Amino acid sequence: MTEKELFTVVGMRPVPANTPAKRYPRKIPVVSIVVLCLMVLGCLCAELLMTKDPAYLDLANYTTPPNQEFLFGTDTLGRDIFSCIWYGGRISLFIGFFSTILSTLIAIVYGAISGIAPAWLDTILMRLTEIFLSVPTLLVIIFLQAILGEANVLSISIVIGVTSWCSIAKIIRTEVRQIRNSEYVVASRCMGGGFFHVLRRHLAPNFVSSIMFMVVMNVRSAIVSESTLSFMGIGLPLEVISWGSMLSLSEKALMTRAWWIILIPGAFLIIVLMCLTNLGNWMRKSVNQKESNL
C-alpha cells in the first residue's frame, strides 16, 4: 500500500489555484449626491429661482399659507419663504463649508505636529485635546461667541471652526505616527524638506482618505450648530436670512398654527443633513473596506 492510501488528511479541502477574491461592491449613494448637488446649485443660483425679494417685509400678507403667489407661504414677518429658502441656504452652506475648511486646516497642522513630535510633547498635546473634547462643544461655541460680541456669518463660522477640529486631529496624529519613520519621509527630511513640505508632499496624501468622511460629517455638524444657535435666539439675527434664523420663528408659528413656517425650512434642512450623512457613511465604509482588503 502506498503512503497516500495509509494516511488520510482530514479537515482540509482542495482549493482551486485561481480562486478570485470576493469583492463586495460599494453602493454609491447616487440619490443623496444628486439631491445634494441640486440643493447646492439651487442656493448658488437663487436669483433665478426667487419669486420675491427675500428681505421684503410684506406686512399685508404675513403668515399667509402656501398659494399661487407665495409658493411656500410667508412667515410672521411677511417674507416669502420660497425665496428665503434658496437665499438663506447660501448662508447655511457657507457656514458649513467655511467652518469645516478652517477646522480641517487646524486639525491637519495640530495632528501632524503631535504625530512627529517627541513622546513627551505628543502626550501633552493629546491630553489637551482630550480635555477640549470633554467640554460640550455647544457651550464652548456660546462662550466664544459671547466674547466676540454680536453674531454674524463670519464670527459664527470661525467659532464653529475652531471648536470642531479635535476628532480629526486625533486620527491624523495616529496616521502620521505610523508613517513618520517611512523611508521616503526620512529621506525628504534629510534632504532639507521643511515641516510643511513633508506634510504636503508625503504625509497628507496618506491620511486624506481616512479623514474625508469626518470632514463631510463636520459640514453637517456645522449646519446643525448654526441652526441650533439661531433656534435658541443666540445665533444669527433675524435680518440675516439662513435656515437657522428662519426656524427661530418657530415659537410664534406654533402660536398661530402656521405649520409651513416650521415644516418647510425644517424639511430642507433635514434633507441636506440626511444627504451629507449618507455620503459620509459611504466614505467611511469605503475606507474600512480598503483597509480590510490590505
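This is a predicted model: local features need pLDDT of at least 70, side-chain atom pairs count only at pLDDT 80 or more; totals for chains, interfaces and linings use all residues.
Biologist: Why is helix 4 called oblique to helix 8?

Modeller: The axes of helix 4 (residues 81-116) and helix 8 (residues 166-179) come within 7 Å and cross at roughly 40 degrees. Angles under 35 degrees count as roughly parallel, and 65 to 115 as roughly perpendicular, so helix 4 is oblique to helix 8. The crossing of these two helices is right-handed.

Biologist: Which residues of helix 4 and helix 8 make the contact?

Modeller: On the side of helix 4 they include Thr-104, Ala-107, Ile-108 and Gly-111, while helix 8 contributes, among them, Ile-168, Ala-169, Ile-172 and Arg-173. By class, the residues of this contact of helix 4 with helix 8 are nine nonpolar, four polar and two charged.

Biologist: What makes helix 4 and helix 7 oblique to each other?

Modeller: The axes of helix 4 and helix 7 (residues 153-161) come within 8 Å, and they cross at roughly 40 degrees. Since an angle has to be under 35 degrees to count as roughly parallel, helix 4 and helix 7 are therefore oblique to each other. Their crossing is right-handed.

Biologist: Which residues of helix 5 and helix 8 meet, and how are they divided by class?

Modeller: Asp-122, Met-126 and Glu-130 are among the residues of helix 5 that meet residues of helix 8, including Lys-170, Arg-173 and Arg-177. The contact of helix 5 with helix 8 has five charged, four nonpolar and two polar residues.

Biologist: What is the volume of the largest pocket, and which residues lie nearest its centre?

Modeller: The largest pocket has a volume of about 320 Å³, and of the 21 residues that line this pocket, Thr-137, Thr-163, Ser-164, Asn-218 and Ser-221 lie nearest its centre.

Biologist: Which helix supplies the largest share of the lining of the largest pocket?

Modeller: Helix 10 does, with five residues, although helix 4, helix 5, helix 6, helix 8 and helix 10 each supply at least two residues of the lining. The lining of the largest pocket divides into eleven nonpolar, ten polar and no charged residues.

Technical notes
Residues are numbered from 1 along each chain as its sequence is written. Side-chain values use heavy atoms; hydrogens and water are left out. Axes are lines fitted to C-alpha atoms, for helices over the stretch in contact, and angles run from 0 to 180 degrees between N-to-C directions. Helices (H or I, at least four residues) and strands (E, at least two) are DSSP runs, numbered from the N terminus. Angles under 35 degrees count as roughly parallel, over 145 as roughly antiparallel, 65 to 115 as roughly perpendicular and the rest as oblique. A crossing is left-handed if the near helix is turned anticlockwise from the far one by less than a right angle, and right-handed if clockwise. Contact means heavy atoms within 4.5 Å. Ala, Val, Leu, Ile, Met, Phe, Trp, Tyr, Cys and Pro count as nonpolar, Asp, Glu, Lys and Arg as charged, and the others, Gly among them, as polar. On a 1 Å grid over the protein atoms alone, a cavity is a set of points where a 1.4 Å probe fits but cannot get out, and a pocket is an open set with protein on both sides within 12 Å along at least five of seven lines; lining residues have an atom within 4 Å of a point. Grid points are joined across faces, edges and corners, and a volume is the space filled by probe spheres set on the points.
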